[in-house]
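Me: I have just opened this entry and would like to be walked through it. Could we begin with the orientation of two helices?
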Amino acid sequence: MRLARPLAALTVAFSLFACSAPAEPGGPAPDDTFVIGLSSEFENLSPVLGYAADGGSLMFDGLMTRAADLSLKPALAAAAPVTSEDGKTVTFTLREGVKFHDGRPLTAKDVVYTYETLLAEKTNSPIRSDYSAIEKVTAPDAKTVVFTLKYAYTPLVQRTTLGIVPDGGMEPTKPVGTGPFRFVSWTPGDKMAMAANKDYWGGAPAIGKLVVAFAGDDNVRATRMAAGEFDATILPPKAAKRFEGQQGVKVYKQDSADYRGIMFPFKEKVTGDRAIRKAFSLAMDRQAMVDTILAGAGKPAFGPISPDISWHNGEISSQTAADPAGAAKLLDEAGWIKGEDGIRAKDGLKATFTLMYPAGDSLRKELTLAAASDAKKVGLDVRPAGLDWDAIEPRMAKDALMMGYGSPFDPDYLNYELFHSAYAGQGFFNPGHYSNPEVDALLAKGRESADEAVRKEAYTAFQKAIRDDEAWTYLVFLQHVYVVRGDYQGVQQSVDAHEHATGGLFRDVHTWKPAR
Amino acid sequence: MGGRIAAATLAVLGLAVLLVPLLIPVDQQLVDLRAAGLPPSLAHPLGTDEVGRDVLLRCVYGLRVSFLVGLVAALVSMVIGGLVGVLAGSFGGLPDRLLMRVVDGFSSLPHLLFGIFIVAMFAPSATAVVVSVGVTHWTTAARIVRSEVLSLRGRPFIEAAVSGGASRARVMRRHLFPHLLPHLLLATVLMVPHAIWHETALSFLGLGLPPHLASLGNMINDGQRSLLAGDWWSSLAPGLFILAPTLAVSVLSQRWRDRLNPRMRSELAL
Amino acid sequence: MTRLVLWRLAFAVPLILAVTAGMFALAHASPFDPVRQYLGDRAMTTAPEVVEQIRANWGLDRPIVEQYTTWLGNLLQGELGESRSFNRPVAEIVAERLPWTLLATGCAIVLMLAGSLVVGTLAAWKKDSALDRLITGGAFANESVPVFWLALLAVYVFAVRLGWLPAGGLTDAASTTLDPLDVARHMVLPVLVLAVSQSSWLVLYVRESVIGTLREDFVVGARARGLRERTVVVRHALRSALLPFLTLLGARVPELVTGAILVETVFSWPGVASASVRAALSVDFPLLAVLTLLGTLAVLAGNLLADVAYTVADPRTRTLGVS
């Protein structure tokens, strides 16, 4: 259930953490304090333990960072890294004159310490496996860091957005970084306060004090936003509606790579039949799901790569509306014939399967119910089962699952693990034992090639291949909706990932400047 | 609420729970996204929920689910309590004292907290809810049964049976059980609303029945999100469906208690 | 009195042992994987061997009895462990949240006592009037209302519709300090709901016992002496009805714990009771076990209080005190 928490913006909330107090005269926040209402709290504030590894921590910088168009640009590195011929050695040169918040200068030792701690077994870092390509990290001199890889891994540079911590570590409750804001205080369950780093190498932020307040419930954040307690927040589309067109408030709808779809068990007779999966997909009324469950803030999804990302293959998004007739035809042809109870069967086997969803996640619950209702119309009997992740995991090889993933960064992220047969049966990656040698080859090609054109071609073909197989039935891409009070320059819209800390729209909050 | 109104309420709800699913068989898992969040109207007397299901109909289905879970949980606690009570009452002496200490200990535990603990450790499900309610609520039954057994032990017909050489098991089966049954049944009936309350509280916290199942607690939990946006009907209605039968049973039980013997009255502090 | 306290304590030790052993056995039998809970969403992108490593680091591969004794020993030494859902020491969480629970519950108890006394006495005084029937009927109905539903209705009416009071939380978000007035405003609804939900039995009890004492000789005597009606009710009848209160209150601690869990959850009150729900949802055994134990201790303390109060409020001392 806690797994659902990063998605809390659009999901269930168990508490009504609200304050509907009317705005006090003059506004409750002192002028230079900017309050952001977030839906989920950070697990910890340590980059090596996974805090904002994709950037967006505001307190830490990585070697590289991302521009609004998601391209990589140097941050603590002085320039883009140099990769050796065989792709196994990546060398970074550090930026001059960068200081940690406590005044210590940044050296290559800090970088080595960060990565070594992350990779050390006793750290128990949950993101360790993302960095498993790294053999070792060394510092030949104070300004140079060399990554030695076990195998050629082009997306490594993408992973270097990981925040750098000072050599020797820091107190877990008092993080020290090099970022645009320095840590002031953290009241768990309530809020975290930060102050501008006046000496930031990228220029001091215009916002002097930044408070990140945590409120899991969507309506509560909406109420607190309306009351003037928050200067900015993220809301589900339904709750954000009231702010549209309001004076002094701006609503930003940000596209995301965050999808929801159904993972099938391929070794089961019913879901293992491509006709069933294809017909199921045809029966889905994705537009109704977007309109009602997402209140219009989203897009129908047909593959793992969002149409807002340059890697997207437009060919796969051809189905525009639900096609129950087409689905019925497909099933009839494949020998799945409707019985008296309206459920199809083939050779005595009923067209029925269980669709699991995480019990604490109301978005996935509603999508599951909608999918089951659509499937029923074409004679497929889909049985929802709301379970905890621990109950879901052992059943993933047998039952379908409503899942969510999505990264806007590199197409290698997640997709390699989700669709490569080497990961079949491994945890949450490919539990349904999907296996297609063509897909395996395409994923390997994309991962190991350094040539952009070759990669693009590989991932285009990959999207087509899994759509042809209907390896997953993708339903929707979410839009993340942000509401910001006041007029700021420098707000840059981008494409969000499945999860983010102070990422998303707020990743560049240090470059925001009041327009007044 | 007078006794008659209470009885009538229970009768109407009982009939609805039994008949409505037969007369209007609706798959409660089917949703209609194009009819979501409608306010009360003639077609939907209590409106529709956030995925377009009729709230009134869902309340009736929900009461059915909650009632079943509550009944089974009450039965479980009666069985456990009955066994402990019979053992304590018929053995007497040290076993009795020890068992009653256990009963005291158990009844002093905060029930919902332990219910939460049990459900948390075994994943929310109907079984977990039944077990968590059953194992925390058997003490009342144990006390009732024990005191009945104690009072029966002194009665002439039991003494006669024992001195006539009947085995302990036979005495229990032939003489004790028929006398205990009505008390146990009544205690079960009175326990049901409490068990329903427990189910709804757990479901409300997200620790009860599977969330897509129509249960009153789940409905209040779902409705909670619409409530702050102004859709009051989807949380108000299921609450009334908990309130009405609970109140009716408590009114009726008040009347019964007045007619029952005073011992029962003091033990049944539900 | 001392004997009574000692007896209670002697009874508490096996109970606590049984409770801890029971909880540990349940946790062990649980199908849940604590490592999965710890990883959260990242479990899906974490390699299996990393998971195994964490498991070994936590000692989850050792025999259960060893794990239990280690855990119990640590508890006794005050090392409550690390909460997996908050990622912080359990002791810190309890220390931080317990005062808020005590504050809210304490206020609710005071309010409930005061309110029930007034309302119950009023009903007794005007016995069989329309007011009495309204109060008695209301108390019965209130007893059947699920507290979380009552809380939601209160939020809807006072926070959403009228906008008078905040719907939850401890303070306004922008405030970085604890302003007592701000906290008080946020406390109104949770305290009110908790007090109301717990007060039915008390109102009915006060009513019955005041009616009872109104019939007793010394009250009849006082009336005969021509004392004012209000003086009779307040000074005599109410006072002697008051003494068994603590006894009853002590016995009601389990219900208070239950009410606190639900009310704190609905209002996002940052107390220990709402933390127990959060811990349960993420199968955070270290925290949940300590909180459950805390609940048990509260109940035992309540029982002790009830016993002591019962001795103090012995009928003989009571008559002496009143006359």
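Predicted model: local features only at pLDDT ≥ 70, side-chain atom pairs only at ≥ 80, totals over all residues.

Me: At what angle do the axes of helix 5 and helix 6 of chain C cross?
Reply: They cross at roughly 135°, and the axes come within 8 Å. Helix 5 of chain C covers residues 90-125, and helix 6 of chain C covers residues 130-144.

Me: Is that crossing left-handed or right-handed?
Reply: The crossing of these two helices of chain C is left-handed.

Me: Which residues make the contact?
Reply: Helix 5 of chain C contributes C:Val119, C:Leu122 and C:Ala123. From helix 6 of chain C come C:Leu131, C:Asp132, C:Ile135 and C:Thr136. By class, the residues of this contact are five nonpolar, one polar and one charged.

Me: Where in chain C is confidence highest, and where is it lowest?
Reply: Helix 5 of chain C has the highest confidence, at a mean of 88, whereas helix 16 of chain C (residues 315-322) has the lowest, at 41. Over residues 315-323 of chain C, pLDDT stays under 50, and the model has seven contacts beyond four places in sequence for that stretch.

Me: What is the mean pLDDT for chain C?
Reply: The mean is 78, and 84% of the residues of chain C reach 70 or more. For the model, the scores are ipTM 0.80 and pTM 0.77.

Me: Changing topic: how many helices and strands does chain B have?
Reply: Chain B has 11 helices and zero strands. Its C-alpha trace spans about 75 × 40 × 30 Å along the principal axes.

Me: What share of chain B is buried?
Reply: Of the 270 residues in chain B, 49% are buried. Among contacts in chain B with a separation of 6 or more, 67% are between residues 24 or more positions apart.

Me: And how many residues of chain A are in contact with chain B?
Reply: There are 25 residues of chain A in contact with 17 residues of chain B. Elements of chain A that give two or more residues to this side are helix 3 (218-226), helix 6 (286-293), helix 8 (362-377), strand 18 (381-387) and helix 9 (389-392).

Me: Which of them gives the largest share?
Reply: Helix 8 of chain A does, with seven residues. The side of chain A that touches chain B has 13 nonpolar, six polar and six charged residues.

Methods
Residues numbered from 1 in each chain as written. Chains lettered and ligands numbered in written order. Contact = placed C-beta atoms within 7 Å. Helix = DSSP H or I, 4+ residues; strand = E, 2+ residues; numbered from the N terminus. Nonpolar A, V, L, I, M, F, W, Y, C, P; charged D, E, K, R; others polar. Axes fitted to C-alpha atoms, helices over the stretch in contact; angles between N-to-C directions. Left-handed = near helix turned anticlockwise from the far one by under 90°. Buried ≥ 20, exposed ≤ 12 C-beta atoms within 10 Å, placed from the backbone. pLDDT = per-residue confidence, 0-100.
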